[in-house]
Structure formats: structure tokens, C-alpha cells
Amino acid sequence: MEYRHFNCILCLLRGTKALFRSCPHNYRFSQVVALHVAAAPTTKLFIDGKFVESNSSEWLDIHNPATNEVVGRVPKATQDEMLAAVDSCSRAYKSWSNTSILSRQQIFLRYQQLIKDNIKELAKMITLEQGKTLADAEGDVFRGLQVVEHACSITSLMLGETLPSITRDMDTYTYRLPIGVCAGIAPFNFPAMIPLWMFPIGMVCGNTYLMKPSERVPGCTMLLAKMLQDAGAPDGTLNIIHGQHAAVNFICDHPAIKAISFVGSNPAGEHIYERGSKNGKRVQSNMGAKNHGVVMPDASKENTINQLVGAAFGAAGQRCMALSTAIFVGESREWLPELVERSKSLRVNAGDQPGADVGPLISPEAKARVESLIQSGVDEGAKLLLDGRNVNVKGYENGNFVGPTILSNVSPSMTCYKEEIFGPVLVVLEADSLDEAISVINNNPYGNGTAIFTTNGATARKYTHEVDVGQIGVNVPIPVPLPMFSFTGSRGSFRGDTNFYGKQGIQFYTQIKTVTSQWKAEDATVTSPAVTMPTMGR
Ligand code: NAD
């Protein structure tokens, strides 16, 4: 299907039923921002297969981070609306969990094609609400698409196990089955990828799904929901509610919800893990990070500096796998001036402007927080090698911009080291040896990701074995695994037993039924031979 009017965001945010086919506006993306301000289109709920206007009296504004103009509004769903959404999931579960796995697979095969055909349009929505550059927004969709593509292998992923003849005429085998209604709670920084880590895997396993996107970037999830409906997902298999704490607590408490996937900050993730688990639900909770890049003196200098700059400042540092901390080992510290020069060359601009490298932060509050953490570094004795505060972005003076910033001479006791900054700020430590660098990292509470830059295989091997972090890159700055593996953040970056996507994702969204059966050979019915072709139940 061609989504010809996909770029009429006014139409999309309003959730018009005519969506994509006969849009009356046909506004181009560039015309739409002003309209949003005037019209403040409202984000719909998606309940029982319908995009419906909320009756809520509480609404939040959605801002374009490059201008801080209001581009839409999102409701805090009422209790009745949330109950209607979960009831819809419960009703749909009965038939969806009994729908053949081949039919579910077909829907996701169509879905991956629709996403693929519309990456650019999804990216525009991400840039409008989240601020990242269009190229980065396409990457956001692409990494989510890969998870949907992987979900299409469900016929292999959901296989059970068999052990024949455990004793005479007795076999044991397992079925992998869905668990019921599942829910996802997403953060603002990957409006496509992270929701796509959640509902496609949950649903392809036969569960129905209640999704709560980030209230700051709901538009992309709404588009993804419409595409899933167009791919053939039956009404009620995916429901979407909006809101903040009340919606989250509703999900943690409702008895029909069997499992919760959460991605976001530590305070929210710890709360959801505890409250959901207390209520007997499975919870997987991916949380904050402080990722260290270790630079060895034998590393390839050009490559390492480029990788560091991209991984520290890309997406304005608003990635849970950003390399926000560098440890320069030995004489590699002499590369710092070049790192600073390369970082200066990045262009800070609105995400939809050609050539933009670093977009705005999500909100004025985020900008103020990042700037105060930079100041805390200066106050506590760090050296400000590059200061991105007061960056001037022509034409976007009201945006939440902070330019690339580098603090050196940082020690582990400083606030800028201890806190996740989540902005375009690289804090630099120095170490005399690899052992010292490993010890710093292993004493940090987070365990999401890390990278080592070296040309020595033995150094790389020692590092990968001794560092206590769940995802490690060797000359790879952002080692987010492809979906045939799982996202294996550890320690303070994760709560739960099974991780997102890959084999662990399938385990999370399924339960096992084990059958032990005995059919005695002597009881077999003997009949006359059938000579006609078997017709398999027809
Ligand atoms: P956030 O925790 O503020 O919000 C995430 C979700 O939780 C939202 O849907 C929000 O409505 C809800 N929420 C927020 N505060 C809550 C509270 N106190 N109680 C209940 N619910 C609450 O996170 P964010 O700012 O949207 O995202 C940034 C954070 O997410 C960073 O810490 C980043 O490291 C983390 N993150 C982690 C991963 C990962 O895979 N480990 C990936 C992306 C982002």
C-alpha cells in the first residue's frame, strides 16, 4: 500500500479514519508545523481497533524541541478509557491466541513491508516530536524494523522441545504458548525502535498488547498502530493508552496484565519493576546507563576519534548506549586536542535541516539539567575543553540546543561522572593501565554498554572477559545487538530475568507447557490399510 498522504501530520495526529487514503488536507511536512500551533491536534487513543478522542480533562502539550512550539496535545487517559483498552485486549486474546501461527506470521510479514515503505514518513514524525536529525530518525525506525523482521521468524522461534521414549512408549514434549495480555511502557528517545522492541514480539507470540508510548513523543506509535491495523491485525490485539504515572500504575496493578516491558529511567524502572512484580507480573526493565569507551594507545587513532565523537554526540547524547564517558589509557591521552577539534566540527541544528549532526534536547528542563551538570563538573574541578552551552542556532533561538561538550580531568567522585547526563557531553577520565580502566568501570553501578578501542586481540579479549558490563563493543562504539541476539544490559541498567528481543524476548512473552504421554504399543488400533491420499483433516 502506498501511504500517499502520510506526510499530512495534521491528519495523522487527529487520527482521522480517512487517514492515508483520502486526506482532505494534503499538507506537506513543511506547512504543517504552523498549522499544529493553530490547531494543536489531539492524539487519539487506540481502543478496540478505533482511533478515538479521549474524554479526559487532563492534557499535555507536545513540543517541537527545535522551536518549543506546540505541535500537538496528548491526553492522560481516564480510568474508564484505560479499562476499556485492557478489556479489549482481554476479549481479543481468546481468538488471537488461537489464531494459527502462520496467520500471525503473515500479518507481521505485511507489517514489516509497510514500515519499510514508509521509513521516511515515520522519521519526519520522530524529528518533529523528538528533535533528532532525519537521518538518525530513519536509523531509529530501521533498528525497530529489524525486530519486526525477526518476529517474522516466529515459526522457528516458538518451537518447543521433544524427548521421545523417556521410558517405554512414553514421550515428553513442550509447547511454547502465549501468556495473555502484555503491556509496554516506552521512553522518549527512540519513538519507533523501542515500541517495536515490545508489541511485535509480544503479539506474534499470540499475546494481545496494551502500549503506553512516551507522552512526549506519541505520534510515531500512532502511525505504527495504524500500519499494523492495515497489515491485518484484528481489532483489540493492540490497544494504546496515553498518560504518565496514573497510566503506568494502572498497568502495574491491573490483574489481566501478565507481563510488562519497560524502557526508561531508573526511578521509573525500579518503581515499575517493584510494583509490577509485587502484583505477580513478569517485568523486564531496561534503564539508565553510563557507558565507557576505553581508548588504548595502540588503537587506530583516526577511527577511534571518529567513533568516539559520533557515539558521544549523535542524537545529542540522548541514547542509552551513547558513549558518554571516555577513559584514555596511557599516552592515548595525547589525542584529546584532536578529539576536541573533531567535535567542534559537528553542526548543531534543527533535525530537519540539511547537514544537521546534533539536534536539540527533548525539553527546556532537559537542557537546564544538562547545563547544570556541566557546571557541576567545572565547580568540582574538571577541565572544560569544549563548552556547548550558549550555542547559537540561527532561526531556532528558542530550541533546546546544547552543543558538543567535553569535560576532562574527571574523577569518579564527581557528580558529572556519577549521574547519567543524557546530553551531548563527553566526560573524560585517564588511566595508567587497562586494569585501572576496568576497575573504574566495574565500580560504576550501571552495566548497559561499553567499548574498547585497540588493535591488540589479547587486550580486547582480556577486556571482554573482565569487564562487568552486559554489552561490549570491540572497536564498535554502540554495540546494540541485532535482534537474533538480545539486548543484554546488566547490573544497574536492568531489572528482570529475561531481556528484550532475541531468544530471551520470546521466553519473556511465552510460557511452557510440558506434556508427558504414554501410548502403549500393544494398544495400537489395527485397521485395514488406507489406500487413498490423506487429505489432512478436510
Ligand atoms: P522516563 O523514565 O522519564 O519515562 C519512561 C516512561 O516511564 C514514560 O512512558 C513515562 O511516562 C513513564 N514514567 C516516567 N516517570 C515515571 C514515574 N516516576 N513513575 C511511573 N512512570 C514514569 O524516561 P525517558 O526520559 O523517557 O527516557 C530516558 C531514559 O531512558 C534514560 O535514562 C535512558 O538511559 C533510558 N533508556 C534506556 C534504554 C535501555 O534499553 N536501557 C533505552 C532507551 C532509554
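Student: Which helix gives the largest share of the lining of the second largest cavity?
Tutor: Helix H9, residues 219-230, gives the largest share, with 3 residues. Keep in mind that this is a predicted model.

Student: What else lines that second largest cavity?
Tutor: The lining includes Phe 46 and Gly 49, and also Ala 233, Pro 234, Asp 235, Gly 236, Thr 237 and Leu 238. Ala 225, Leu 228 and Gln 229 line the second largest cavity too.

Student: How does the lining of the second largest cavity divide by class?
Tutor: There are 6 nonpolar residues, 4 polar and 1 charged.

Student: And how much space lies in it?
Tutor: The second largest cavity holds about 60 Å³.

Student: How many cavities of 30 Å³ or more does the structure hold?
Tutor: It holds 3 of them. The largest cavity has a volume of about 90 Å³. Of the 15 residues that line the largest cavity, Gly 317, Ala 322, Ser 324, Glu 420 and Phe 422 are the closest to its centre.

Student: What classes are in that lining?
Tutor: For the largest cavity, the lining divides into 7 nonpolar, 4 polar and 4 charged residues.

Student: Which residues come nearest to the ligand?
Tutor: Out of 27 residues around it, Ala 186, Glu 215, Ser 265, Met 287 and Glu 420 come nearest. By class, that shell has 14 nonpolar, 9 polar and 4 charged residues.

Student: What about Glu 215, how far is its side chain from an oxygen atom of the ligand?
Tutor: An N or O atom in the side chain of Glu 215 is 2.7 Å from a ligand oxygen. For the side chain of Asn 286, the distance from an N or O atom to an oxygen of the ligand is 3.0 Å. Met 287 uses its backbone: a polar backbone atom there is 2.7 Å from a nitrogen atom of the ligand.

Student: How much of the ligand does the protein cover?
Tutor: The ligand has 830 Å² of accessible area on its own, and the protein covers 89% of that.

Student: Back to the largest pocket, then. What is its volume?
Tutor: About 1300 Å³. The largest pocket is lined by 48 residues, and the closest to its centre are Pro 187, Phe 188, Glu 215, Arg 216 and Ser 265.

Student: Which elements supply at least two residues of that lining?
Tutor: Strand S3 (59-63), H10, S10, helix H11 (266-278) and helix H14 (364-379) each do. The lining of the largest pocket divides into 23 nonpolar, 16 polar and 9 charged residues.

Key. Residues numbered from 1 in each chain as written. Predicted model: local features only at pLDDT ≥ 70, side-chain atom pairs only at ≥ 80, totals over all residues. Heavy atoms only, no water. Near = heavy atom within 4 Å. Polar contact = N/O pair within 3.5 Å; in protein donor to acceptor, adjacent residues only side chain to side chain. Areas by Shrake-Rupley, 256 points an atom, 1.4 Å probe, with all protein chains shown as cover. Nonpolar A, V, L, I, M, F, W, Y, C, P; charged D, E, K, R; others polar. 1 Å grid on protein atoms, 1.4 Å probe; cavity = no way out; pocket = protein on both sides within 12 Å on 5 of 7 lines; lining within 4 Å. Points joined across faces, edges and corners; volume = space filled by probe spheres on them. Helix = DSSP H or I, 4+ residues; strand = E, 2+ residues; numbered from the N terminus.
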